[in-house]
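Reader: I would like to learn how to read this model feature by feature. Could you take me through it, giving the general idea each time and then the case at hand?

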Amino acid sequence: MTISIQLQERSNQSCELCGNQGEPLHAYTVPPKQDDISENQVVICEECFTQISVNNYDNYNHWRCLEGSIWSEVPAVQVLSYKILNKLSAQDWARDTIEGVNLDENLVEWAGGEDALEAERVIHKDSYGALLETGDTVVLTQNLNVKGTNYIAPKGTIVRKIKLVHDNAEQIEGKINGDTIVILTKYIKKSV
Ligand SMILES: [Zn+2]
């Protein structure tokens with residue numbers, strides 16, 4: 001990852017969150033923005049980068065740096081600081097910092113954008129919690145009445161090439177006995 005001249009100058013070649021000058025420094029694009037332009041990016045050190053990548057902010061003391069970086073003049077730095085502070089809001093100092101800062105509405109929206117997208121995603125799981133995808137093969141975990149027919153699909157029936165019902169996390173479609181029917185995810189187990 002190379003850091004543009006613009007970012008090098010802006011950051012003074014140090015982490016814009018914690019001030020660390022150790023190499024390597026990363027140009028981190030603050031999601032959900034995707035364009036790798038300096039306005040969307042924050043220069044961060046390896047330590048900050050690693051913790052952000054694994055989404056683990058348990059090292060509270062490290063993140064006390066956000067009390068300073070939240071006041072940056074760079075919107076992307078403010079947004080990233082705000083975002084991480086929110087993940088630390090169980091800490092008094094983090095909550096106080098969030099309450100003390102008055103971020104522009106569009107920046108607050110940017111900071112919450114990734115979580116909002118995540119919440120909108122419909123995720124299908126089988127009765128054991130395994131992630132389901134279109135094309136998977138599943139097994140019925142109990143006998144099912146096939147609606148509109150007299151056919152009862154027995155427990156253990158294999159249903160191949162399922163389709164996810166995109167707006168309902170509890171439903172998939174699959175072919176049983178030649179008919180495509182809706183099946184509830186709580187009655188299936190993913191076959192591996
Ligand atoms: Zn850092």
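Reader: Let us start with burial: which residues of β2 are buried on one side, and which on the other?

Author: A residue is called buried if 20 or more other C-beta atoms lie within 10 Å of its own, exposed if 12 or fewer, and partly exposed in between, with C-beta atoms placed from the backbone. In β2, Gln41, Val43 and Cys45 are buried on one side, and Val42 and Ile44 are buried on the other. Five of the five residues of β2 are buried. Keep in mind that this is a predicted model, in which local features need pLDDT of at least 70, side-chain atom pairs count only at pLDDT 80 or more, and totals for chains, interfaces and linings use all residues. Residues are numbered from 1 along each chain as its sequence is written.

Reader: What does β2 pair with, and over how many bridges?

Author: Strands (E, at least two residues) and helices (H or I, at least four) are DSSP runs, numbered from the N terminus. Two strands pair if DSSP finds at least two bridges between them. Here β1 and β2 are antiparallel partners, with five bridges.

Reader: Which residues of helix α2 are buried, and what do they pack against?

Author: In α2, residues 46-53, the buried ones are Cys48, Phe49 and Ile52. They lie on the same side of α2, because they cover an arc of only 100° around the axis, the arc being that of the directions from the helix axis to the C-beta atoms. For packing we use contacts: two residues are in contact if their C-beta atoms, placed from the backbone, lie within 7 Å. The buried residues of α2 pack against β1 (25-29) and β2 (41-45). Just after α2, look for Asn55, with a positive phi of about 60°.

Reader: Now the sheets. What is the strand order in the sheet that contains β8?

Author: This open sheet has three strands in the order β7-β8-β9, paired antiparallel. β7 (163-164) and β9 (179-184) are the edge strands, each with a single partner, so one side of each is left without a neighbour in the sheet. Two bridges join β7 to β8, and the two strands form a hairpin with six residues between them. β8 (residues 171-176) and β9 pair over six bridges. Ile172 in β8 is the bridge partner of Leu164, and Ile172 also has Ile183 in β9 as a bridge partner. The hairpin of β8 and β9 has two residues between the strands, and there Asn177 takes a positive phi near 55°.

Reader: How is the protein chain divided, and how far apart are the C-alpha centres of its domains?

Author: Domain bounds come from an automatic or database domain assignment. They give domain 1 (5-120) and domain 2 (138-190), whose C-alpha centres lie 45 Å apart. The chain as a whole has seven helices and ten strands. Its radius of gyration, taken over C-alpha atoms, is compared with a globule rule of 2.2 Å times the number of residues to the power 0.38. The chain has 24 Å, well over the 16 Å that the rule gives for 192 residues, so it is more spread out than a compact globule. The C-alpha atoms fill a box of roughly 70 × 35 × 30 Å along the principal axes.

Reader: Where is confidence lowest, and where is it highest?

Author: pLDDT is the predictor's confidence in each residue, from 0 to 100. Where pLDDT is low, the predicted coordinates should not be read in detail. In this protein chain the mean is 94, and 99% of the residues reach 70 or more. Confidence is lowest in β4 (residues 144-145), with a mean of 88, and highest in α4 (residues 66-69), at 98.
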